[in-house]
Amino acid sequence: MDVSNLPPTKKGRNYEIRGIALRDFAGLRRDEDRLNPFELARYANLLVATYEQIEPFLTEETKLHLIGDGKDSWSGGACSQALPDGRKLIVLNPTHGKNRQNATLMEEISHVFLGHKPSKLAITTYNKEGKPIAREYQADVEEEAYSVGAAALVPFSALRRMINQGKTSKEIARHFNVSRELVEYRMKVSRLWDDYKTKVISG
Ligand SMILES: [Zn+2]
């Protein structure tokens, strides 16, 4: 592998290599090609259901939580138990925009590709009263899945080239169908932020 097309940090390189592998798997040939996570999900044996499809099975209370008061506290969810045909069900927050859904779905796909076991994600801890709290969150696993997904969406080599061409984060975001925040996050973790500031923002 050509290391000049990888970010300078060890962590960044590890994420990048996995992101590139995901892009290969999706059949993309050029680093500037746009990855469509919804197509990739099919290869990953994931069934992406719309909120409308699951809504009839939800109680009023759950619905209120998912798209009402709690709508900002979740971005997507995977069912820990596979469907009878082996597929895994994923639901994305319908109140979030397309860009955000793309990033969420990529994270879920990364979990599958990286072999993160749902049991690893659902750790039971106990509160002060000794009651179990289901903690569906493990920071390192989440960071890995999000980072690999983001690398697959916005590859380092393409990002560096676009910065050299003077493209803004907004333009790059539009190109890859992701949010500007995700592009800037990629610039920062890939150590391209200083380049961006010099060549694009003040250039
Ligand atoms: Zn996750």
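**Around V91**

Find the residues that V91 touches, leaving out those up to four places away in sequence, and then work out whether V91 is buried or exposed.

Solution. Start with the contacts, meaning heavy atoms within 4.5 Å: not counting residues up to four places away in sequence, V91 touches A49, Y51, I54, W74, G76 and G77. Before going on, note that this is a predicted model in which local features need pLDDT of at least 70 and side-chain atom pairs count only at pLDDT 80 or more, while totals for chains, interfaces and linings use all residues. Residues are numbered from 1 along each chain as its sequence is written, and side-chain values use heavy atoms, with hydrogens and water left out.

Strands (E, at least two residues) and helices (H or I, at least four) are DSSP runs numbered from the N terminus. Then check the burial classes: buried is under 20% relative accessible area, exposed is over 50%, and partly exposed is in between, with a 1.4 Å probe and protein chains only. V91 comes out at 11%, so it is buried.

**The zinc site**

Which residues are the protein donors of the zinc ion, and how are they spaced in sequence?

Solution. Donors are N, O and S atoms within 2.8 Å of the metal (3.2 Å for Na, K and Ca); water is not among the atoms, so sites may look incomplete. Here the protein donors are E107 (OE), H111 (NE2) and E142 (OE), at 2.0 to 2.1 Å from the zinc ion. Along the sequence they read E-x3-H-x30-E. E107 belongs to helix α5 (residues 98-113) and E142 to helix α7 (residues 139-153), so this pair ties together parts 35 residues apart in sequence. As for accessibility, E107 and E142 are both buried.

**E32 and its partner**

Where does E32 lie, and what joins its side chain to that of R161?

Solution. E32 lies in the loop between α1 and α2. With a relative accessible area of 16%, E32 is buried. Its contacts beyond four places in sequence are R23, A158, R161, M162, H175 and F176. Now pick out R161: a polar contact of 2.4 Å joins its side chain to that of E32. That term covers a pair of N or O atoms within 3.5 Å; within protein, one must be able to donate a hydrogen and the other to accept it, and residues adjacent in sequence count only if both atoms are side-chain atoms.

A salt bridge is a side-chain nitrogen of Lys or Arg within 4 Å of a carboxyl oxygen of Asp or Glu, and R161 forms one with E32, the closest N and O atoms being 2.4 Å apart. This pair links distant parts of the chain, with R161 in helix α8 and E32 in the loop between α1 and α2, 129 residues apart. R161 is partly exposed at 32%.

**Salt bridges inside helices**

Solution. Take K63 and E60: the closest N and O atoms are 3.2 Å apart. Both residues lie in helix α4 (residues 60-69), three residues apart, about one turn of the helix. E60 is exposed, at 57%. Then take K199 and D195, whose closest N and O atoms are 3.6 Å apart. They are four residues apart in helix α11, again about one turn. An α-helix has 3.6 residues a turn, so residues three or four places apart point the same way. K199 is partly exposed at 42%, and D195 is partly exposed at 29%.

Which residues of helix α10 (residues 180-189) are buried, and what covers them?

Solution. First, the buried ones: L182, V183, E184, R186 and M187. Second, the cover, which includes α1 (10-25), α5, α7, α8 (156-164), α9 (169-176) and α11 (193-201). Finally, look just past the end of α10, where R191 takes a positive phi of about 60°.
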